[in-house]
Amino acid sequence: MSAMFFTHNFRPSRIALAVAVAATGYASSSNAEDTATAKKSVMPAMEVVKVVGQKEDHRFEATGSVNLVELEEIQRVQPLSTEDVLRRIPGINIKSEEETSVIANFGIRGLSASESKSLLLEDGVPVAPGLFIGNDRYFNPRIQRVERVEVLKGSSSLRYGPSTIGGVVNYQTKTPDDGVELSARAGSFNMKEVGIEAGNKNAAGDAFAGIVATHATSDGFMDKGYTMNDVMAKAGVEFANNQKLGVKLSWYENDVNMSYRGLLLNDYKAGADYNPAPDDDFLADRVAFDINHEWQLSDTATLNTLVYWSDVTRDYWRYAVDTNASVAAGRWVYTDALTGNNRSFERTGAESRLTLEQPLFGLEASTEFGLRLMHEKSNDLRITTTRAADRTGTIAGHLQDSADSVAGYVQSRIVLSEKLALTPGLRIESYQQERLNLQSNALAKTSNTEYLPGVGLTYELTDAAQLYAGVYRAFSPASNSLALDGLTDQQLDGERSVNYEVGVRGVAGSTSYEVAAFIMDFSNQVVSGNSNTGTPSSNAGETSHYGIEFSVSQPLMAGLNLDANATWVPESEFEAGTNQGNRIPYAPKILANLGLNYQLEQLNLSLNLHHRGEQFGNEANTIAIEHPTGKPNDIWGGLLPAYTVVDLLSQYQVSDNLSISGSVKNLTDKRYISGLRQGIYVGPERSFEIGARYRF
């Protein structure tokens, strides 16, 4: 079955809705007393960030920096996408391609925002379509289902993998409260969004079910219109013998009028705001389920097991251009030749963690053993056709990629004294990749095993300040498209980095803060042309990254609070090869955020500023923004100017059940370049939104 057929004929939303309705019926109880805390305790999940004190406090057990964004803060931002939230977190740079971020484009701490060297999770489950086989940016969770955003950096990332060089981003999804919440908003570019959250639990309080669903449409900035549907159903039950079982089923689809093509230079300078690829379409569909089981074996032993499956299809239909005519016209001139790059990705995985709260060498300790098995498979079908053929044509290429991986780790937090805890650990990742050409039956294979040791510590400087530090080895695998390019083992090593971090977090009076210094020292960084035919894949050798980030929250006066953070990365550069001394692309030296939040009874007002420093668009560090000579279809280069965007946000609690919101995003109507590919991506212009939530 082709990916194209799957996308347009399979409708798992019906299954998701049926399961949710059935589960809610089982869990319903009109007289049950409920709290969100009690309900969430029934739903087990793989824990990513452990909080042992209040959020504002310093008492994390993590030996690296931690950033949490709770639901109240997410709703205050009124985001359209996850990246509207991520860009406000220290150290994260966004390379936006369109305002809904259907493709994940972020880099952490001087790592390129156009590549994938950080792990993306949802409820502890990897959600990027291909961790080992590639194309792992083609699904990005919808912010509408997210309750908390967790970002973990430093040596605590050792529990996860692969691709944790920059860190781990985990989206913790909502567990609906009892009752029903309806939401709606509308805005510029004919944007409309409606959502529903519904949940209930039984009278005993040991079973619950709920559903979160969203439908959104928009003509889109620059006429990059979209239609999106997202449905997530959850159910959980607690058994009498210290066991919990949770199930999550989700379905998502989108149809986005977007492409890799941006504006050509003169049109950008003239302020053009048309869609540079009006007939290209990106269609994606994802269905997934997770099963979580938690078993309290004893007072000192807990076993968590997670089984997950997902299937992603992505059909990308793009029209060819007449290169000479495009250069002459100063804008893209299209032909009637059409190509469908249609891919599907399937992943099956299982992970178990055994936690033992038992002494080691006579010292208080918590030890965790983990094992993960995962299989990934993709079907890559390239179809050539014409405008008149309605997306049916000749198969021009058919590849099948697969990867089998096993990972294990052990990590122990040993309390050496009342103030000092040491956390050593070791992770092993072993994987085999295969690429099969289904037209020629040619097969290529490669394999790799990585040993990833690490150690971290926390030290209680005072009752309100904690020092943390760590060093660990991280890696990111070369994907099948690079490692087995041309159906030949390219002998590409995994990208390896030794990461160092030291920081302090805490509270001082009414002020909370965190400061961290970091170094990422690559022994090898794989560089690909990313569609640039003039740049081969290679082991680029050593690169170096170091910098510092800080965040602070400070009440200024009654009702007024200041939140600020900044990241400075003075060095992020190649240390060897043809680009020696050049800066890594999409790695600005400065990132900063400033937020002023004012609360007056039921009214909340926020003014948020986001600043991104200048950054290069390619490894050669070209200054002028332009395409390679005579090759506008290749990846453009140039120095992207710095910019600052201001958002004005408001919320008003009309009653216990009803709240309304409004926003002006990009208040000053700043025109800026968000990124480069085959042309110039323009950041969204000033836009307006209004919304409402009602719970009953």
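Five strands form an open sheet of mixed pairing, in the order S1-S6-S7-S4-S5. S1 and strand S5 (125–126) are the edge strands, and each pairs on one side only. The model is predicted: local features need pLDDT of at least 70, side-chain atom pairs count only at pLDDT 80 or more, and totals for chains, interfaces and linings use all residues. Residues are numbered from 1 along each chain as its sequence is written, and side-chain values use heavy atoms, with hydrogens and water left out.

Strands (E, at least two residues) and helices (H or I, at least four residues) are DSSP runs, numbered from the N terminus. Two strands are taken to pair if DSSP finds at least two bridges between them. Strands of a sheet pair through backbone hydrogen bonds, either parallel or antiparallel. Leu119 has Val168 in S7 as its bridge partner.

Antiparallel pairing links S8, S9, S35, S32 and S31 in turn. Strand S8 (residues 179–187) meets strand S9 (residues 191–201) over nine antiparallel bridges. Here Arg185 stands opposite Glu193 in S9. The hairpin of S8 and S9 has three residues between the strands. Phe189 in this hairpin takes a positive phi near 65°. S8 also runs antiparallel to strand S35 (residues 687–695), with seven bridges joining them. In that pairing, Glu181 stands opposite Arg695 in S35.

S35 pairs with S32 as well, in the antiparallel sense over eight bridges. Leu658 has Tyr694 in S35 as its bridge partner. S32 is joined in turn to strand S31 (residues 643–653) by six bridges, again antiparallel. Four residues lie between S31 and S32, which form a hairpin.

Charged side chains were examined next. Side chains of opposite charge can pair when their charged atoms come close. A salt bridge is counted when a side-chain nitrogen of Lys or Arg lies within 4 Å of a carboxyl oxygen of Asp or Glu. The whole structure holds 35 salt bridges. One of them joins Arg413 to Glu61, with the closest N and O atoms 3.9 Å apart. This pair links distant parts of the chain, 352 residues apart. Arg413 lies in strand S17 (residues 394–415), and Glu61 in the loop between helix H3 (36–42) and strand S1 (66–69). Glu61 is partly exposed, at a relative accessible area of 25%. Buried means under 20% relative accessible area, exposed means over 50%, and partly exposed is in between (1.4 Å probe, protein chains only).

Asp336 and Arg387 form another salt bridge, their closest N and O atoms being 2.8 Å apart. Asp336 sits in strand S15 (residues 334–356), and Arg387 in the loop between strand S16 (365–386) and S17. The two residues are 51 residues apart. Asp336 is partly exposed at 48% relative accessibility. Arg387 is also partly exposed, at 34%.

Asp380 and Arg343 meet in a salt bridge at 3.1 Å, N to O. Asp380 belongs to strand S16 and Arg343 to strand S15, 37 residues apart. Both Asp380 and Arg343 are buried. Elsewhere, salt bridges that share partners join Glu122, Asp123, Arg145, Asp230, Lys248 and Asp290 into one network.

Two surface patches were also found. Patches are made of residues with over 30% relative accessible area and no salt bridge; like charges are joined within 9 Å, and nonpolar side chains (Val, Leu, Ile, Met, Phe, Trp, Tyr) within 5 Å. Accessible areas come from the Shrake-Rupley method with a 1.4 Å probe; for residues, only the protein chains shown count as cover. Lys and Arg count as positive and Asp and Glu as negative, while His and the chain ends are not counted. The place of a charge is NZ of Lys, CZ of Arg, CG of Asp or CD of Glu.

A negative patch gathers Asp219, Asp223, Asp273, Asp669 and Glu685 on the surface. Asp669 lies in the loop between strand S32 (658–665) and strand S33 (673–677). Asp669 is partly exposed, with a relative accessible area of 37%. A nonpolar surface patch of about 410 Å² is made by Val515, Ile548, Phe550, Trp568 and Ile590. Val515 is in strand S22 (residues 511–524). Its relative accessible area is 35%, and Val515 is thus partly exposed.
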